[in-house]
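Work through the exercises below with the model open. Try each task before reading its solution.

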Amino acid sequence: MVIYNGKTPLFNSKPYANKEVFAMPFSLKYLMDYIDIDVFRGIAIYTSYSSNQSILDIMSRFSNSYSADVICGQAQAYFDTKKQIERYSLNNLMVYECKPSSIVTCISKPVHLFIVMPLSSNFAMLRNTPDYFLRIKQENLDSLIENQRIAIEEASHHVEENGQLVYAVPTLNIKEGHNIVEEFLNNHKDFVLKNEKQFFPFDPFDSTLYFAVLVKVERNND
């Protein structure tokens, strides 16, 4: 990973046009370097965002000879992901569109890594959206939090033993971050917290990303 300091916008540069590079936040790169990515044991990603750098990061590490499932929680995310896959010729990805409560219809067997990136209040938008606080109403936030609960719950059923469940949202709101994970762990003794981290706009990573990495423990057969 390199820092781009060119005067021409990256998206107008020749390397980008030639599909040689893609943009990625430092915080997300930190997360992707931390988690255990085993392409041979299965990868699934649930996302409600149109820009899926996590997919590109995984694909850039390995050959195009394995498959992965990408589940999009919104129609726009689905169509934008399909365009991204076409742009980078990632034909080995299976892409679905469904609500978080229907994740079960898209996954055929447990995977080693399940990344969950549900829609959030996306506090990072504050910098370029002056009316941000006028757009985020309490009833909308309550709906987002409920979908976040459902997404991490449903995804957890499709993680193999010793596999990882990764929850990530671009927000500073503790109700969408730590509280979601804490509530999940209280209800699921078969998962343990390996690490969690909140990035702030004023830290070196210049981000609002929160993530938690959970590991599914082995069943006790005694």
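**Exercise 1. A charged network**

Task: Which residues are linked with Lys29 in a network of salt bridges?

Solution. Keep in mind that this is a predicted model. Start at Lys29. Asp33 and Asp57 are linked with Lys29 in a network of salt bridges. The criterion is a side-chain nitrogen of Lys or Arg within 4 Å of a carboxyl oxygen of Asp or Glu. Now widen the view. Over the whole structure, the search gives five salt bridges.

**Exercise 2. One arginine, two partners**

Task: Examine the salt bridges that Arg149 forms with Glu146 and with Glu183. Where do the partners lie in the chain?

Solution. Take Glu146. Its side chain meets that of Arg149 in a salt bridge of 3.3 Å, N to O. Both residues lie in helix 6 (residues 138-156), three residues apart, which is about one turn of the helix. Now take Glu183. The closest N and O atoms of Glu183 and Arg149 are 3.1 Å apart. Glu183 lies in helix 7 (residues 178-187) and Arg149 in helix 6, so this pair ties together parts that are 34 residues apart in sequence. Arg149 is partly exposed, with a relative accessible area of 32%. Glu183 is partly exposed, at 32%. Glu146 is partly exposed, at 39%.

**Exercise 3. A nonpolar patch**

Task: Which residues make the nonpolar surface patch of about 330 Å²? Is Ile3 buried or exposed?

Solution. The patch is made by Met1, Ile3 and Phe26. Locate Ile3 in the segment before helix 1 (14-17). Exposed means over 50% relative accessible area. Ile3 has 60%, so the residue is exposed.

**Exercise 4. Two helices crossing**

Task: Describe how helix 2 and helix 3 (residues 53-61) cross.

Solution. Begin with the axes. They come within 10 Å and cross at roughly 45°. Angles under 35 degrees count as roughly parallel, and 65 to 115 as roughly perpendicular. Helix 2 and helix 3 are therefore oblique to each other. Finish with the hand. Helix 2 passes helix 3 in a right-handed crossing.

**Exercise 5. From the whole chain to one residue**

Task: How many helices and strands does the protein chain have? Is Gln164 buried or exposed?

Solution. Count seven helices and seven strands. Along the sequence, their pattern is α-α-β-α-β-α-β-β-α-α-β-α-β-β. Of the 222 residues in the protein chain, 46% are buried. Now zoom in on Gln164, in strand 5. Gln164 has 3% relative accessibility and counts as buried. Finally, turn to Val213. Gln164 and Val213 are 49 residues apart along the chain, and their C-alpha atoms are separated by 6.6 Å.

Definitions and conventions
Residues are numbered from 1 along each chain as its sequence is written. This is a predicted model: local features need pLDDT of at least 70, side-chain atom pairs count only at pLDDT 80 or more; totals for chains, interfaces and linings use all residues. Side-chain values use heavy atoms; hydrogens and water are left out. Helices (H or I, at least four residues) and strands (E, at least two) are DSSP runs, numbered from the N terminus. Buried means under 20% relative accessible area, exposed over 50%, partly exposed in between (1.4 Å probe, protein chains only). Patches are made of residues with over 30% relative accessible area and no salt bridge: like charges are joined within 9 Å, nonpolar side chains (Val, Leu, Ile, Met, Phe, Trp, Tyr) within 5 Å. Accessible areas come from the Shrake-Rupley method with a 1.4 Å probe; for residues, only the protein chains shown count as cover. Axes are lines fitted to C-alpha atoms, for helices over the stretch in contact, and angles run from 0 to 180 degrees between N-to-C directions. Angles under 35 degrees count as roughly parallel, over 145 as roughly antiparallel, 65 to 115 as roughly perpendicular and the rest as oblique. A crossing is left-handed if the near helix is turned anticlockwise from the far one by less than a right angle, and right-handed if clockwise.
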